[in-house]
Amino acid sequence: MPAPNLHNALLRPPLIQILRAAGFHATCPSVLDTVTDLAARYLLLLASSTAAHAANAHPDDPVPVLEDFYQALQDAGALRPQLRGWEEDWAGEEDLRGLDGFLSWFTGPAHREIRRIAGFIPSEGDMMDPDALEKEDYLTSLKKKHSKTGEESRYAGTVLGKSADEHPIVIEGGAPSIQEWGMQTRSRGAYSPTSDSSAVSSAPSNLSDPEAMEV
């Protein structure tokens, strides 16, 4: 499965849960694919903007920090309403309305309903063990269901698992690495003859004499 299709497939279940929490009970596959594509583009925009702010603010250590992500949210228009920088300087105080609204969403009823639909918190009237309130997400549960040996062995080194340790790949024929194999190939090509004259010299000598060919 190509990478974009895989990423969209992994993003589709969370979006279905978000739409269900918002009150939608049915939709067309084309609509769901469009919403998934828009969400993927928005996440990519946030990630690229965060990386750009990190590279500009601290190029010696371009690892994104909270301030970089905060500025990326501002660029994407996620923090509204909020004054601009020069407006905050003129007012003499920092406008935190957009940030407060963004943070309050995580503690509000909308986010709680999404967590309930996803199965992370119990619905009203459900009897659950308090130790089981924090469930695993759907992807972790799905991987455990389809892998008897665990994530480390089957999904290591893939997009679904942890990063695998890099190790050299020995190419059949004795070359220890792709770089050395390429050097050997180029060196053999440099010393190989460009033309083969053996085929001409092997022809009978009388065929090259026009008088001998006359009948």
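Q: What percentage of the 215 residues in the protein is buried?
A: The model is predicted, so local features need pLDDT of at least 70 and side-chain atom pairs count only at pLDDT 80 or more, while totals for chains, interfaces and linings use all residues. Residues are numbered from 1 along each chain as its sequence is written, and side-chain values use heavy atoms, with hydrogens and water left out. Buried means under 20% relative accessible area, exposed over 50%, and partly exposed in between (1.4 Å probe, protein chains only). By that definition, the buried share of the 215 residues is 14%.

Q: Which residue forms a salt bridge with arginine 41?
A: A salt bridge is a side-chain nitrogen of Lys or Arg within 4 Å of a carboxyl oxygen of Asp or Glu. Arginine 41 is exposed, because its relative accessible area is 56%. The closest N and O atoms are 2.8 Å apart, and the partner is aspartate 37.

Q: Is aspartate 95 buried or exposed?
A: The side chain of aspartate 95 meets that of arginine 97 in a salt bridge (3.0 Å, N to O). Arginine 97 has 47% relative accessibility and so counts as partly exposed. Aspartate 95 has a relative accessible area of 8%, which means that aspartate 95 is buried.
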